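Please read the sequence and the model together. The report below is meant to be checked against both.

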Amino acid sequence: MEAYFIAIGIITAIYVLLGLGLNLQYGLTGIINFGHVGFFCIGAYTAALMAQVGIPWPIAFLAAAGLAALAAWPLGLVSLRLQSDYFAIVSLGFSEVVRIIVTSEGWLTNGVQGITGIPKLMGFMGIGLAQAFAVLIVLIAVNVLAGVAKFRIVRSPFGRMIEAIRDNEDAVKALGKDPARFKIQVLALGAALAGVAGGFYAHYIGFIEPEMFIPLITFYVWMAIIIGGVGSILGALVGTTLFMVLMEGSRFLHGVIPFVSEVEMASIRLGVIGLMLVLFMLYRPQGVMGDFTKR
């Protein structure tokens, strides 16, 4: 049972990192990014490929963050010419292009067969509870650093500028500022966090293949930040935790409703999560950690 809870904690912490990146893009800047999983994929494959040639994981994670941020640059240039809803569609297409590339370029990524034998983090501790717990501690530390960095960004002139872009981009242009430059920087920062999350994911699972990076992952992260509160650092943590409780807790519904088959239960799980999201949007649109003075 301890191993199960540690595993859930690790996956939750990885999703919190993804949520912090997406919260930075949408919550603070208003960029609707439906292609977040593309950066997650880039980070995972970068870390996995570098691990295969013996590069230490801290260096590999920095490379994963850098390459994911670099991939955000052309996507940011596209955003200059598109309204937010059209950009959302383009970003979704970007994530699918990334997945098709890692599927097609078998000489580098091993195609649909994926990359196996990715070494575990803290492997010198052996394989067991101690090693998994150490990974969880490292992930918590990285999340704390990311949260502190985001807090400092929010309190900085840069943070006030991107919030102004979210609220009224035309007014920012009228003041002589260039919103495009700030949007590209925010996309790169969020992508870098997703790249680091991808590195942790690859090393924790030990195997990656293209079908692990479908658009559904992006929408899981969206659900988490909406439940927790868009733009809130604690919202990313609380929303992701509640989302994982719903996802994992609903697995045990089969014991409560024994006459429902496993296949039907999978559909019920998604239905329950969807219903919860609808209820949140109706009765608590600002999220659990949103402004409690608003309804």
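**Basis and confidence**

This is a predicted model, in which local features need pLDDT of at least 70 and side-chain atom pairs count only at pLDDT 80 or more, while totals for chains, interfaces and linings use all residues. Residues are numbered from 1 along each chain as its sequence is written, and side-chain values use heavy atoms, with hydrogens and water left out.

The term pLDDT stands for the predictor's confidence in each residue, from 0 to 100. For the protein, the mean pLDDT is 87, with 93% of the residues at 70 or more. Confidence is highest in helix 2 (residues 36-52), at a mean of 95, and lowest in helix 12 (residues 253-256), at 63. Helices here are DSSP runs (H or I, at least four residues), numbered from the N terminus.

Two helices are described by length and by cover. The expected span used for them is 1.5 Å times one less than the number of residues. Buried means under 20% relative accessible area, exposed means over 50%, and partly exposed lies in between (1.4 Å probe, protein chains only).

Helix 9 has 27 residues, and the distance from its first C-alpha to its last is 39 Å, close to the expected 39 Å. Because 20 of the 27 residues of helix 9 are buried, this helix is largely enclosed by the rest of the structure.

Helix 10 (residues 215-228) has 14 residues and reaches 20 Å between its first and last C-alpha, close to the 20 Å expected. Helix 10 is mostly covered, with 12 of its 14 residues buried. Among the buried residues are Pro215, Tyr220, Trp222, Met223 and Gly228. Gly229 follows helix 10 and has a positive phi, near 130 degrees.

**A nonpolar surface patch**

Which residues form a nonpolar patch on the surface? They are Phe133, Ile137, Ile140, Val144 and Val148, with about 440 Å² of accessible area together. Such a patch is made of residues with over 30% relative accessible area and no salt bridge, with nonpolar side chains (Val, Leu, Ile, Met, Phe, Trp, Tyr) joined within 5 Å. Accessible areas come from the Shrake-Rupley method with a 1.4 Å probe, and for residues only the protein chains shown count as cover.

One member, Val148, is found in helix 6 (residues 129-155). Val148 counts as partly exposed because its relative accessibility is 45%. An α-helix has 3.6 residues a turn, so residues three or four places apart point the same way.

Asn143 also has its place in helix 6, and at 12% relative accessibility Asn143 counts as buried. A polar atom of the Asn143 side chain lies 3.4 Å from the backbone nitrogen of Leu17.

**Salt bridges**

How many salt bridges does a search of the whole structure find? It finds 5, a salt bridge being a side-chain nitrogen of Lys or Arg within 4 Å of a carboxyl oxygen of Asp or Glu. The table gives some of them.

| Pair | N to O distance |
|---|---|
| Arg99 and Glu96 | 2.7 Å |
| Arg166 and Asp167 | 3.1 Å |
| Glu169 and Lys183 | 3.0 Å |

Arg99 and Glu96 both lie in helix 4 (residues 84-104), 3 residues apart, about one turn of the helix. Arg99 is buried at 15% relative accessibility, whereas Glu96 is partly exposed at 23%.

Arg166 is partly exposed, with a relative accessible area of 35%, and Asp167 counts as exposed at 57%. Glu169 lies in helix 8 (residues 169-174) and Lys183 in helix 9 (residues 179-205), so this pair ties together parts that are 14 residues apart in sequence. Glu169 is partly exposed at 26%, while Lys183 is buried at 14%. Elsewhere, salt bridges that share partners join Glu96, Arg99 and Glu211 into one network.

**Sequence and space**

Leu70 is found in helix 3 (residues 57-79) and is exposed, with a relative accessible area of 56%. Leu70 and Ala188 are 118 residues apart in sequence and 6.9 Å apart in space, C-alpha to C-alpha.

Glu264 has its place in helix 13 (residues 262-283) and counts as partly exposed at 44% relative accessibility. Between Glu264 and Ala236 there are 30 Å in space, C-alpha to C-alpha, with the two residues 28 apart in sequence.

Notes: Helix = DSSP H or I, 4+ residues; strand = E, 2+ residues; numbered from the N terminus. Patch = residues over 30% accessible without salt bridge, like charges linked within 9 Å, V, L, I, M, F, W, Y side chains within 5 Å. Polar contact = N/O pair within 3.5 Å; in protein donor to acceptor, adjacent residues only side chain to side chain.
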